[in-house]
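Keep the sequence and the 3D view open as you read.

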Amino acid sequence: MTIPRYKWQPTTLEIAAAAGIDPSDVIRFDHNTTPWPTNWAVELAAAATADLNEYPGASYLGIRKAAAARHGLEPDQIVPGAGADELILLAARAFLQPAQVAAAVTPTYPLYRIACAQVGAELRQVPAVAPAFEVPLDAIVSAARDADLVWLCVPNNPTGANMTPEAVDAVIASTDGIVVVDAAYAEFTGTDWAEQVVQHTNLVVLRTLSKAFALAGARVGYAMAHSSLIDRIDALRPPGSIASISVALAEAALRRPELAARAVETLAAARDILAADLRSLGFRVLASEVNFLLCEVGAQAGVIAAQLRARGLVVRTFPEESGLEEYLRFTVRSREQNDRLITTLRELLP
Ligand SMILES: Cc1ncc(COP(=O)(O)O)c(C=O)c1O
C-alpha cells in the first residue's frame, strides 16, 4: 500500500519567485497561523542559544509542568511533542495495530488518514453532510462502537464545525477504543478539555502552541490524558524532537495566557468582518468560531486560488474527491491583510 503524504502548498520563497514579488509581500491565508510577528520571543530565543552545545532535557519536564499548571493537571498527564502533528503520528503508533479500525468524521485534518496508513490501520470515514458539514453525532457514535480509535477534530479543520463536550462524551461512552480529540483550535472556543481528561481513561486531547499562541515555527504541542495513556505515547516519543530554543519559548508562552487571549479577541473581530466581506462577494461562508473560514466559491475555486497565488496571496484549496473541490479556506489574518485579500478578490471576480 502506498502511504499518502501530507501535502503542503509551495513555500513562501517559491511562491514569491513564481509571482516575481518580494517574499515579504506573500501572505499565507492557507496555514491557519496568526498574523503578527513573535517579537516577545526574540530575547528568550537569543538567551537559549547560549547553551546549544547541550541537549534539551529529555523528559521536557518544564513544558509538562507549565502545561499541567495551565490546565490544573499533573505533569504525568501531559506529554509534549514537536507540534500536535508529531503527537497524532505517535497516537496512531501507540493505540492502533495493523488491520485495526479507526473512525473520523470527514472532511477533516488529513494527517489522521496518513497516521492510520503508516501503521496499516483502516480509517472509516463518516461523512459530514454539506451544506453545513455539522458532525453527524449518531453516525460517529455508531462508528465508534467497534472502532479501536476515533479521531475527533474539535472544532474541525477545515469545516469549522464544533462539538459540545456532551457530544464528545457520547462518543467516548460508546467505545472501548481510544478517542483522540484534536483540540488545536480550543482557545478560540474556550473549551479546555482538562475536566474530560480527568473523567475518562480512554481520552487523549491534543493541544498546540501553533495557533492561538502564534508559535507555529517553534513546533510545540502536547497531549493531555490519563497517565497510563501518556506513558504509552511517551514510550514511542523520539528522545529530543523539541529543540531547546522551542522549549524556552513554549514554557514562557504557556505561562502567558494573555498571548492566546489577545489572538482570540483580535482574530474574532477580524473574522467577523472578513466573513461579511466574503459574503458580499457572493461566497457562502460557513459559520466559524475559529481563525479560519471555509467558503463555497463554486466551480472556479481552483482558478481563483491560482490567480490569488500569482499575486502573492496563498489560500487553501482541496483535492479532487475531497467533496470540497468548490471550496476555499481562508485564514483570518490582520485587518490590513484581510483587506488586501478582499480588494484583490474584487478585482478578480467578474
Ligand atoms: C486540526 C489540526 N491539528 C493539528 C495541526 C498541526 O498542529 P502543530 O503545528 O501543533 O503540529 C493543525 C494545523 O493546521 C490542525 O489544523
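**Ligand shell**

Of the 13 residues around the ligand, Gly83, Ala84, Asp85, Thr208 and Ser210 come nearest. The model is a predicted one. The points below start at the ligand, then turn to the fold, the core and the domains.

- Helix 4, residues 83-95, gives the most to the shell around the ligand. Its share is three residues.
- By class, the shell holds six polar, five nonpolar and two charged residues.

**Overall fold**

- The protein chain has 14 helices and 12 strands.
- Its radius of gyration is 20 Å, close to the 20 Å that the globule rule gives for 350 residues, so the chain is as compact as a globular protein of that length.
- The C-alpha trace spans about 60 × 55 × 40 Å along its principal axes.
- Of the 350 residues in the protein chain, 47% are buried.
- Take the contacts with a separation of 6 or more: 71% of them join residues 24 or more positions apart.

**Nonpolar core**

- The largest nonpolar core has 118 residues. Ala102, Leu152 and Ala223 have the most contacts inside it.
- Helix 4 gives the most to this core, with nine residues. Helix 4 also gives the most to the shell around the ligand.
- Both domain 1 and domain 2 take part in this core, each with at least three residues.
- In soluble globular proteins, nonpolar side chains tend to be buried together.
- What does Leu152 contact, leaving aside its neighbours within four places in sequence? The partners are Met163, Val168, Val171, Val179, Val180, Val181 and Asp182.

**Domains and their contact**

- The domain assignment gives domain 1 as 12-30 + 258-348 and domain 2 as 40-255.
- The centres of domain 1 and domain 2, taken over C-alpha atoms, are 26 Å apart.
- The contact takes 17 residues from domain 1 and 16 residues from domain 2.
- On the side of domain 1 that touches domain 2, helix 12 (257-280) and strand 10 (292-296) are the elements that give two or more residues.
- Helix 12 has the largest share of that side, four residues.
- By class, the side of domain 1 that touches domain 2 has 10 nonpolar, four polar and three charged residues.

Definitions and conventions:
Residues are numbered from 1 along each chain as its sequence is written. This is a predicted model: local features need pLDDT of at least 70, side-chain atom pairs count only at pLDDT 80 or more; totals for chains, interfaces and linings use all residues. A residue is near a molecule or strand if its C-beta atom, placed from the backbone, lies within 6 Å of it. Ala, Val, Leu, Ile, Met, Phe, Trp, Tyr, Cys and Pro count as nonpolar, Asp, Glu, Lys and Arg as charged, and the others, Gly among them, as polar. Domain bounds come from an automatic or database domain assignment. Two residues are in contact if their C-beta atoms, placed from the backbone, lie within 7 Å. The radius of gyration is taken over C-alpha atoms; the globule rule is 2.2 Å times the number of residues to the power 0.38. A residue is buried if 20 or more other C-beta atoms lie within 10 Å of its own, exposed if 12 or fewer, and partly exposed in between; C-beta atoms are placed from the backbone. A nonpolar core is a set of buried Ala, Val, Leu, Ile, Met, Phe, Trp, Tyr and Cys residues joined through C-beta atoms within 7 Å.
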